[in-house]
Amino acid sequence: GKSKKKKDKKSTSSKDSFAGVTAICGGFAEASKSTEGKVIKTVTAIVMLGSLYMQGNAFKDYSWQLSASLSNPSIMLKGQLRDGTVIKVDDYREAYWWLRDNTPDNARVMAWWDYGYQITGIANRTTIADGNTWNHEHIALLGKALTGSVEEGYSIARHLADYVLIWGGGGGDDLAKSPHLARIANSVYRDHCPGDVTCRAFGFVDRQGTPSKMMENSFLYTLHSHKLKAGVVADPDKFKEVFRSKYGKVRIYKLLGVSRQSRSWVENNRECDAGGWFCPGKYPPGLKEILDKKKDFAQLEDFNRGASDEDYQKEYFENLNNPNLARKRAQQKANDEGRETNEVPQPSVEAKALSDEEKIQIYSTWENTEDTTLMWKLVTSDAIEDLEQWLKIDPGAAWLRSADGRGPMWWAFESKNQDAVTLLMKLGVPHTDKDKNGLSPVDLLKE
């Protein structure tokens, strides 16, 4: 019937197509046997081999460069002073060896978990937390101690540790990370930053590093800036600075008034497995009042817990993607509860114009920060209103550059965001400068 005819037509069509391809292949094969065909084949082979050689050579050079950077000890760095003198920054090893040589064998060190394994492995001292961060609630308690007030942080630390180690000196130090620490704390202790899951109350209010009120009053800021910033002095009845590294990258404080009762309780209530190598810790009763406030955090990957924190997760990511919405939510919740918000203050008028020196300083600093991440999101998602508002408050953000040398102008060209390009050009941001790989914003249109 009709279906059989259709099948026959399809079969004939397929055979004709295949025959056509076979004929074309045969024609190429015959042509390649001629003198001209052999020359073309030879030239093609030479071009391909040359291209492979060049790419292979470039990959070899890149691999050697990468191996040099990866082979350097991670705690010893090469630095440069303002006068151009090249130095070896050995502050971290010095700090760990100081702990090893100048503290009791059973000393407990409080530090952010990033340095936990180094404290254990190099200093041979017990650390409060390390890279095995499976216990989110414990990390949140540490974040609460560091980013809470001095009184609150001390009331936690004295039950857990004997010393506090702080990374300072700028760059990616503890203060630079601290807004993230505050958000982790708030994920478990919801009263840490009431009304705002992204904890916008804790942070810097401008590019000059002015702290918000909550940051300025924090345990971490006080120890980080002790006698370095005007008016910042750690309570001598609670803390004693016992070590400061050569270039100020590490500071160590001895906690005064450590709870002997809590230390004794922890030692007497340790439970280990049969082999004696796994001894899960227990919190002393002295922390009960604080621990009673926690809410166990259900992470997105916790498939088997049967717990859910979808509302918190949803609001968290919404606030990250829309800072203005986060600000409004925090203010509205504060108004509903009849209190003042601790929200980082926002200028009500346009910021003053930047000097050329200030632009150069920002533009010549290449580093990955929360600001560069947010800028990339705004530019590539065409959030032009949020971008305009940010640049109105802080015009210096237009001159930001990430570690690869790219900034908002590169991202605007790459995403073909004409409105962003126009806005940035009005602020004087160039579009012909080169990134780390020698590419200008205009070059990205050709890729």
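Predicted model: local features only at pLDDT ≥ 70, side-chain atom pairs only at ≥ 80, totals over all residues.

Entry 1: I found V39 in helix 2, which covers residues 35-71. V39 also belongs to a nonpolar surface patch with V43 and V47. Together, I get about 250 Å² of accessible area for these three valines.

**Entry 2: two helices crossing.** Next I turned to helix 5 (residues 136-147) and helix 7 (residues 174-188). For packed helices in general, the description rests on the angle between the axes and the distance between them. Here the axes come within 7 Å and cross at roughly 125 degrees. I therefore call helix 5 oblique to helix 7, as the angle falls between 115 and 145 degrees. I noted the crossing of helix 5 and helix 7 as left-handed.

**Entry 3: salt bridges.** How many salt bridges does the structure hold? I have 18 on the page. In general, side chains of opposite charge can pair when their charged atoms come close. I picked out a few pairs to look at.

- K177 pairs with D114, with 3.1 Å between the closest N and O atoms. This pair joins distant parts of the chain, since K177 sits in helix 7 and D114 in the loop between strand 3 (108-110) and helix 4 (116-123), 63 residues apart. K177 is partly exposed at 21% relative accessibility, and D114 is partly exposed at 33%.
- E151 pairs with K238, the closest N and O atoms lying 3.2 Å apart. E151 is in helix 6 (residues 150-157) and K238 in the loop between helix 9 (219-225) and strand 6 (239-244), so this bridge ties together parts 87 residues apart in sequence. K238 has 12% relative accessibility, so I marked it as buried.
- R100 pairs with D101, and their closest N and O atoms are 2.9 Å apart. R100 is partly exposed, with 34% relative accessibility.

I also noted a network of salt bridges linking R108, D162, R263 and E267.

**Entry 4: an aspartate in a loop.** Last, I looked up D206, in the loop between helix 7 and helix 8 (213-216). D206 comes out as partly exposed, because its relative accessibility is 31%. How far apart are D206 and D394 in sequence and in space? I noted 188 residues along the sequence and 7.6 Å from C-alpha to C-alpha.

Technical notes. Residues numbered from 1 in each chain as written. Heavy atoms only, no water. Patch = residues over 30% accessible without salt bridge, like charges linked within 9 Å, V, L, I, M, F, W, Y side chains within 5 Å. Areas by Shrake-Rupley, 256 points an atom, 1.4 Å probe, with all protein chains shown as cover. Salt bridge = Lys/Arg side-chain N within 4 Å of Asp/Glu carboxyl O. Helix = DSSP H or I, 4+ residues; strand = E, 2+ residues; numbered from the N terminus. Axes fitted to C-alpha atoms, helices over the stretch in contact; angles between N-to-C directions. Parallel < 35°, antiparallel > 145°, perpendicular 65-115°, else oblique. Left-handed = near helix turned anticlockwise from the far one by under 90°. Buried < 20%, exposed > 50% of the residue type's maximum accessible area, 1.4 Å probe, protein only.
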